[in-house]
Structures are given as C-alpha cells and as structure tokens.
Amino acid sequence: MSWIQKLYETYEQCAGQNELLNTQFLLEPICHTSQQAHVEVTIDQKGIFLRANVIPKGQGVTLVPCTEASAGRAGSKPINHPLCDKLQYLAGDFLKFGGVVTSGFANEPTEPHKIYLSLLSDWANSSFTHPKIIAIQVYLQKGHLVSDLVREGILPIDGKSQLLAKWGGDKKEAPAIFSIMPNSNSPDGAVIRWRVEIPGDPLPETWKDQDLMNAWIGFYSSQKDNQGLCLVTGEILNLAEQHPAKLRHGADKAKFISSNDTSGFTFRGRFIDADQACGVGFEVTQKAHNALRWLIARQAYRNGDQAIVAWAVSGKKIPDPFANSFDLFGTVSEEPEAKQVHVGPSDAGQAFSQRLAKKLAGYRVEIGSAKEIVVLGLDTATPGRMAITYYRELDHSEFLNRIEAWHKEYAWHQNYSKDMKFIGAPAPKDIAEAAFGRRLDEKLRKATVERLLPCIIDGQKIPLDLVESTVRRACNRVGLEHWEWEKYLGISCALFRGYHKERGYQMALELNRTSRDYLYGRLLAIAENIEDRALYLGGERRDTSAAKLMQRFADHPFSTWKTIELSLNPYKARLRTKRPAFLATMENQLDEVVNLFQTNDFMEDRKLSGEFLLGYHCQRQTFRTKPETEQDESIEAIAVETN
C-alpha cells in the first residue's frame, strides 16, 4: 500500500501551499467532488427566491459536498449529493411538470426528493449547520423550484405545462439551457448550484465558502462509525466503505479498490468481510485519491485511458520524464546558430551536456531536501477497475541522474519542423510514432510508452526492436512527407546512438571513424549533395536518386552504390561546366571516404545497420553548416537546401 501512503503524504504536504493551489487545478478537500452544474439559483438568507441563470459554457465546474456513495454513484438508482444535484432530487414539483426520474426510481418517483431532503435536514439540524444550508432547506421545503425556473425562462414548457425535452423550433431562438446540456440531454437533467446572499457575507457562492465546506466535512465525518485497522497508517480509524472514482475525468468510474461481492466466493476461506482484506481509513483514502486526481490533471502524461504521473511528495517542481529535451529545457542553445556551427566533433555533444547539467542543477536546488520522487502509471483493466501498471519510488538525486542520462545518451540533432530544431532526446510518444507510423493506434502507443518508461526511469536499455523499427522507417523515405522523414531520421539516429553508447558516437562528423556502415552513410550523403546541387542549378525540384534508393541502399549497399554512382554522371557533367570547384571538392571527398574502407569492406553487399544513418546525417550536416572561411559559390545552394 505504499502508493496510497505516498499520495496521502503528498496531500498533507501540498494542501497548505498556496503557490500550488492557486492554479486552474483544484486539490479538492475531503468529502467533496467536482460536478458540472448547468443552472445557478440565488436565494436570500430567509430562503426567498431572487433569480436564476444558465451557467455559460466553461464556467460550470463546481465543487460540491458528497458522500462516499454519491461520489462513486452509478447504475439506475444513483445516490444523491447532499447539496447540489439534479432537479429530480431537489425539486418538489419536478413530477408536476412532467419530469422523468432515473429508471431505478420509477416505482417510487418521489423517493429521490425525499431522500435528498432527509439528508439536507439532518445536516441543517445538526451542530454542524450553516446559515446558507438553513436558507436552502427552507426554500426547497416550499416545493416550487421548477415553477421558479419556468417563470424565469430557464426551463421551457409546452402548452400542457410539461417540461420540453427537445427544442423543435429555430435553433437561434432556443433557450440557453439547450445549448449547455451535454449530449443533447433533456433540461430536466440539469444540475443546480446555489448562491445565498446574506448581508455582510461577501461570498454568496456556496462552492467557494470554506466554512460551509468544513461544516459538511464535520457533519459527515461524525456519522462514520466503522472503525478498524487502517493498513496505510497502522492506526485504528474510521474505515472507508467505498473508495473514490473520477480520477482521470468526471465520467471515470474505474476504481483501484472496490468490493461488491458479498455472496460469492470472494472472502470464503480467507476473510469474513472486505475490510479484513483491505481496510483503509476514510480520510486517508479521500486525501490520497484527491491528490492523485489533482496530479493527473496538473502534470500527467495522458494517452486514452492510460495516465502516467511523476511527482515530488513535497509538491516541488520536477522535470517531466515524458517530454523531449526542447519542451523540457527550452532552447538548447544560448548562442546564435552561426556561432556554434564549426566546432570540434565532440563539442556539440559536450555543449549540450553542459547546458543539460546546468538546467538540472536548477531542479536540484528547487527540490532541495525533499528527497522522495514517485512515478506511477495507471490504466483501466475494465470499465470499473483501475490497475497500477508501473510504480517506482526514487531518491531525488537518483531520479534526476536518470533523467540526465536519458537526455544525454539519446541526444541527437532533431528537426521536428521549421520552428523546432534542437539537440536532445525525443519524447516517448514521438518514438512510438517513428517506430510504427500510420499503424500506430492508441493500444500500440500505450504499449510502446509502457516499454519505454523503464528505459527512462530505471536506466534500462531501449528495446532493440524499437531501434530497428525506427531505422527501417527512416530508410524508407517513399510515402513520407519531407518533415516527417527529417523527424524520423533524427529519432532513429538518437535511438541507435543511445543503444550503442559504448561505441561513443559523436553528434558531429567523425573523420577518423572507419567502420563500413558509417562510411557508406557518408558516401550516400555526398552523392545526394552532388545531385541535389545539380538539380538546383537546372531549376528542377524532385527527389534525388540517393533518396529514392535509400531503402535498397540500406539492404544492398555495394550493388546499389554502383547504380547511384552511374546516375551521377549527367549531374557531374552539368556541375563541371557551371560549378567546377564545387564538383572537385565533392569528388575529392568521395575518394577520401572510399579510401577509408578496410580491405574488402567496400565490396561486401550485406545489409547496413542503423550506423549508416549516423554517418549520413553527420556528413549532410557539414554541407548545411560551412564555416565562413570556406564560403564559395555553393552558399546559395546550401541556403536553399537548408530551407
């Protein structure tokens, strides 16, 4: 139960930190839940109706008191909330105007209102009462809520004084209530929230009144009498009868802990009742689940039903393990690009590592002495069951070291778009996209992200099949948009470099690296540059032979190189008359690379590994970033290529 203990501790530490709570994400108090309200009713302290209005879209999320049963309600006979809820519970004249109750109450349609008034009266008559609750009780006992809403024009009726379920006229003339009801539901399902105007009270909104919230918490807690051993704290506490739902969104019914089978074989031979199997304090589970709900809304990685969240128990900000280096650390360079172009082969990686260390040092200072970091992944097993798919507790230094290792070892030149070029590691979702392309659905993305999570958090090696899959897609340029291919190329290079970190690949051209695959990649980049330059001079815009034959080249480099080399002859002829100096430079580079091959390596036609993409990418980078001292007539072509 350590996961629930850490969430409970998170709630206790964060609940009093105003800088964490003054955001759009609410850390809910216990015995409360968020509800989408549709109509706002205002009364005075004597329970006299003043006005009502339809709540505009985007402003209806309301913090309302709840019970354990109402917070996780479902089925045909849902339990009511004690204060703000649907008209079938609140309005005594609901049936008079043709309102339809939930199917479970069909045999006793007045039951919802009776149960609601009974609970509200118990609260109003207790020692935990509140002036606003008394005013609402007095008003609702009159039994004319729907009448008031009809008179105010909030709820439309037909000629028989029955509530309209649908609007049949011009949509432009439809009452506002129809535009805010979800899924075109009938207005008789509208949820009501309350404002009580009391002289001298500057806060009429019940959902903002802290004293009213505390009054409900005190009243509801006083009704609990199910004491037992809490397996989280080890103390004798009032145990939870039901555990909260709505963890990922308002319609989420899945729970981590639930028990509803008291007549089958669930406990036979092991336990007498459910509390013996898993007893958790009422307040403990409320705070733990509220903390998780807050963390998911605030900072979780989401993919359908899957949610993965990393947090510091102290509430301090930590780096997002699912972000790429650009999103996580911002601009990777503090200098203009022209000033970083020509440095030594290892300088690009060293400069990135230094900037990365500096950014993470800021996190180390901010986290301070708060040492506990938790990473939790959850997913839905069935519509009503939640499962923890991943869980780790780490020391803050261990967590930051692994984040640093991931972004350093899997760093490469990334080109996601014209406005997003950076040096760093890709995000898991981008790796999944690069590995599977258009075959990627939600299920496959979810599984891929789960496989990558231990690589980031635990420092495990990335799965080889993902590396090989991204390499294959980067080689197959046909059918990809240019920006897609550029993105996949950077990701495949990053994964291959990180998988083979013992080889020490640099992020710049390594002139002394003489491995066969690396050299073949350099040859392909030079051949592509020759043809691309000739096409530019001839005013042609099409793919080069090197681009078209890249997949074949990866499978059969020697035989395909013959084809590519022969196809260069007409382009060399064009360059020989128009750009002789450029051609001479390229031919010299071709000769230099060929001479670097070991004996018989060049003539072997076996398949290339992903290393050839590193050689290709690095060689191509040198054509895009020449130093000022080497400017010649190729500058204009290089500029076009870069754009």
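**Helix pairs and buried charges**

The crossing of H5 and H6 is left-handed. Before I go on, please keep in mind that this is a predicted model. H5 covers residues 111–124 and H6 covers residues 131–141; their axes come within 10 Å and cross at roughly 145 degrees. Which residues make up that meeting? From H5 there are His 113, Tyr 116, Leu 117, Leu 120, Ser 121, Trp 123 and Ala 124, and from H6 there are Ile 133, Ile 134, Ile 136, Gln 137, Leu 140 and Gln 141. As background, residues three or four places apart on an α-helix point the same way, because there are 3.6 residues a turn.

Now to a second pair, H17 with H18. H17 passes H18 in a left-handed crossing. The angle here is about 145 degrees, and the axes are 8 Å apart. On the H17 side the residues involved are Leu 464, Leu 466, Val 467, Thr 470, Val 471, Arg 473 and Ala 474. They meet Trp 485, Tyr 488, Leu 489, Ser 492, Leu 495, Phe 496 and Tyr 499 of H18.

Let me stay with H17. Helix H17 has twelve residues, 464–475, and spans 17 Å from its first C-alpha to its last, close to the expected 16 Å. Its buried residues are Leu 466, Val 467, Ser 469, Thr 470, Val 471, Arg 473, Ala 474 and Cys 475. What do these buried residues pack against? Besides H18 (482–499), the partners are helix H15 (428–436), helix H16 (442–457), helix H21 (550–555) and helix H25 (611–624).

Arg 473, in helix H17, is buried yet has no salt bridge. The nearest side chain of opposite charge is Glu 484, 5.4 Å away. With a salt-bridge cut-off of 4 Å between nitrogen and oxygen, that pair does not count as a salt bridge. What is Arg 473 in contact with, leaving aside its neighbours within four places in sequence? The contacts are Glu 433, Ala 434, Ala 435, Phe 436, Gly 437, Leu 480 and Tyr 488.

Arg 477 forms a salt bridge with Glu 528, with the closest N and O atoms 2.9 Å apart. Arg 477 sits in that loop and Glu 528 in helix H19 (residues 516–537), so the pair ties together parts that are 51 residues apart in sequence. Arg 477 and Glu 528 are both buried.

On to the salt bridges in general. How many does the structure hold? The count is 38. One of them joins the side chains of Glu 40 and Arg 193, at 2.8 Å from N to O. Glu 40 and Arg 193 are both buried.

A further salt bridge is formed by Arg 195 and Glu 205, at 4.0 Å from N to O. Arg 195 is in strand S5, while Glu 205 is ten residues away in the loop between S5 and helix H9 (210–222). Arg 195 has a relative accessible area of 14% and is buried; Glu 205 is also buried, at 15%. These two pairs belong to one network of salt bridges, which links Glu 40, Arg 51, Arg 193, Arg 195, Glu 197 and Glu 205.

Next, two backbone points. Cys 31 is not a glycine, but has a positive phi of about 65 degrees. Cys 31 lies in the loop between helix H2 (18–21) and strand S1 (32–36), and is buried with a relative accessible area of 1%. Lys 246 also has a positive phi without being a glycine, about 55 degrees. Lys 246 is in the loop between strand S7 (236–238) and helix H10 (274–277). Is Lys 246 buried or exposed? Lys 246 is buried, with a relative accessible area of 12%.

Last, Arg 579. This residue is in the loop between helix H23 (569–578) and helix H24 (580–596), and is buried, with a relative accessible area of 17%.

Terms used. Residues numbered from 1 in each chain as written. Predicted model: local features only at pLDDT ≥ 70, side-chain atom pairs only at ≥ 80, totals over all residues. Heavy atoms only, no water. Helix = DSSP H or I, 4+ residues; strand = E, 2+ residues; numbered from the N terminus. Expected span 1.5 Å × (residues − 1). Buried < 20%, exposed > 50% of the residue type's maximum accessible area, 1.4 Å probe, protein only. Contact = heavy atoms within 4.5 Å. Lys, Arg positive; Asp, Glu negative; His and termini not counted. Axes fitted to C-alpha atoms, helices over the stretch in contact; angles between N-to-C directions. Left-handed = near helix turned anticlockwise from the far one by under 90°.
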